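Reader: I would like to go through this structure and ask what the words used for it rest on.

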Amino acid sequence: MPEGNVRLVHALYWFVDDELEPLALNIGDAKFFCFFSTRWNADAFKHGQAMPPGQWTMLSTESADHLVEVCERATGEGYTDFALNPPPNYDGRDRRWGLDEFKDIIERPAGGERYR
């Protein structure tokens with residue numbers, strides 16, 4: 001059992017470049033920050049987007065506080081929406097949340113209880 005105030009959640013994965021800037025999908029006026037619930041989903045997206053090898057690194061964490069911090073920083077850097085497990089041909093119509101809604105997604109229980 002972890003000690004301290006660490007709030008563990010299901011791990012989320014995302015891509016960053018060499019300068020640790022998150023991958024952005026620009027669709028219309030929206031700038032999407034894409035998260036993935038599994039490494040497999042992230043890899044499928046990466047291959048489907050034909051992202052150049054070596055340009056993007058996958059990061060992940062199970063810390064709710066760290067994920068919220070990443071999202072809040074992204075919002076300050078112009079990201080307007082968050083997507084979870086977008087397909088490679090993502091058009092921005094579904095799997096789309098604002099910051100407050102995505103915080104609820106992040107904080108879903110990690111112990112087997114399903115998010116409602």
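Reader: What covers the buried residues of H2?

Author: The cover includes S1, S3, S4, S5 and H3. The model is predicted, so local features need pLDDT of at least 70 and side-chain atom pairs pLDDT 80 or more, while totals for chains, interfaces and linings use all residues. Residues are numbered from 1 along each chain as its sequence is written, and side-chain values use heavy atoms, with hydrogens and water left out. Helices (H or I, at least four residues) and strands (E, at least two) are DSSP runs, numbered from the N terminus.

Reader: Why is threonine 61 called buried?

Author: Buried means under 20% relative accessible area, exposed over 50%, and partly exposed in between (1.4 Å probe, protein chains only). Threonine 61 has 14% relative accessibility, so it counts as buried. Its place is in strand S4 (residues 57–63).

Reader: What is threonine 61 in contact with, leaving aside its neighbours within four places in sequence?

Author: Contact means heavy atoms within 4.5 Å. By that rule, threonine 61 is in contact with His10, Ala11, Leu12, Trp14, His66 and Leu67.

Reader: Which residues of H2 are buried, and why are they said to line one face of the helix?

Author: Ala64, Leu67, Val68, Val70, Cys71 and Ala74 are buried. Seen down the axis of H2, the buried residues fall within an arc of 160 degrees (taken from the directions from the helix axis to the C-beta atoms), so they line one face.
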